[in-house]
Amino acid sequence: MSIDSRQVAAGLLDAVPFARTLGIEFVEVAPEAEGGVRAVVRLPDDPAHHNHVGGPHAGAMFTLGETASGAVVLAAFGQVLDRAVPLAVTATIRYLKVAVGPVLATARLGGVPAEVLAELDAGRRPEFPVEVEVRTEDGTLTSSLTVIWTLRPNR
């Protein structure tokens with residue numbers, strides 16, 4: 001699988017302007033084994049995004065993680081956007097430690113793309129997880145997310 005990370009970044013930032021508002025940067029979108037995809041996005045340290053304890057606001061952290069998960073979905077399933085709409089169904093986040101400075105979210109597809117596409121081809125609405133870890137630039141884990149996505153067939 002070949003992934004054009006610039007195209008994924010541009011597509012996501014066009015579709016989700018709020019990610020652009022926060023200044024989210026795309027570091028990497030790359031294929032992994034068995035058709036998987038990994039995306040790494042970065043939230044720069046900006047005092048305007050800080051909370052009462054000096055780290056990025058919980059909403060900014062969630063948006064960072066959800067953006068990384070969306071990049072994975074766009075990269076893995078961009079070829080079916082003419083017949084299905086990707087939608088986040090549920091998301092859970094665990095805040096583990098106060099983040100200080102810029103943070104990086106690394107998202108990985110939790111399902112096998114071929115299986116997801118087979119469900120879509122069978123006329124079903126597949127659901128699949130994207131797992132995300134958010135770390136400081138020194139590697140400290142600050143939060144983790146699981147976002148369940150679906151591909152809603154166009155009718």
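Predicted model: local features only at pLDDT ≥ 70, side-chain atom pairs only at ≥ 80, totals over all residues.
**The core**

The largest nonpolar core holds 42 residues, and F77, F128 and V130 touch the most other members. Helices and strands both contribute to this core: α1 (5-15), α3 (58-77) and α4 (113-121) each supply at least two residues, and so do the strands β1 (25-31), β2 (37-43), β4 (103-109), β5 (127-136) and β6 (141-153). The largest share, ten residues, comes from α3.

Leaving out residues up to four places away in sequence, F128 touches V73, F77, L109, V116, V147, I148, W149, T150 and L151.

**The packing of α1 and α3**

Two packed helices are described by the angle between their axes and the distance between the axes. For α1 and α3, the angle is about 120° and the axes are 10 Å apart. Because angles of 65 to 115 degrees count as roughly perpendicular and those over 145 as roughly antiparallel, α1 is oblique to α3. The crossing of α1 past α3 is right-handed.

On the α1 side, the contact is made by V8, G11 and L12, and on the α3 side by T67, G70, A71, L74 and A75. Sorted by type, the residues of this contact are five nonpolar, three polar and no charged.

**Residues in strands**

V134 is found in strand β5. Is V134 buried or exposed? Its relative accessibility is 0%, so V134 counts as buried. Apart from neighbours within four places in sequence, V134 is in contact with M61, L64, V103, L104, A105, T140, L141, T142, S143 and L145.

F26 lies in strand β1. Which residues does F26 contact, leaving aside its neighbours within four places in sequence? They are A9, L12, L13, V40, V41, T67 and A71. Among the residues named here, L12 belongs to the α1 side of the helix contact described above, while T67 and A71 belong to the α3 side.

**Residues in helices**

F62 lies in helix α3. With a relative accessible area of 29%, F62 is partly exposed. Not counting residues up to four places away in sequence, F62 touches A91, I93, Y95 and L145. L145 is also among the contacts of V134.

L120 lies in helix α4. At a relative accessibility of 6%, L120 counts as buried, because buried means under 20% relative accessible area. Not counting residues up to four places away in sequence, L120 touches V80, R83, A84, P126, L151 and P153. L151 is also one of the residues that F128 touches.

**Separation in sequence and in space**

| Pair | Separation in sequence | C-alpha to C-alpha distance |
|---|---|---|
| V134 and L96 | 38 residues | 9.7 Å |
| F62 and A84 | 22 residues | 25 Å |
| F26 and L13 | 13 residues | 9.8 Å |
| L120 and T150 | 30 residues | 9.6 Å |

Two of these pairs can be set beside the contacts given earlier. L13 is one of the residues in contact with F26.

Definitions and conventions:
Residues numbered from 1 in each chain as written. Heavy atoms only, no water. Core = buried A, V, L, I, M, F, W, Y, C linked by side-chain atoms within 4.5 Å. Buried < 20%, exposed > 50% of the residue type's maximum accessible area, 1.4 Å probe, protein only. Helix = DSSP H or I, 4+ residues; strand = E, 2+ residues; numbered from the N terminus. Contact = heavy atoms within 4.5 Å. Axes fitted to C-alpha atoms, helices over the stretch in contact; angles between N-to-C directions. Parallel < 35°, antiparallel > 145°, perpendicular 65-115°, else oblique. Left-handed = near helix turned anticlockwise from the far one by under 90°. Nonpolar A, V, L, I, M, F, W, Y, C, P; charged D, E, K, R; others polar.
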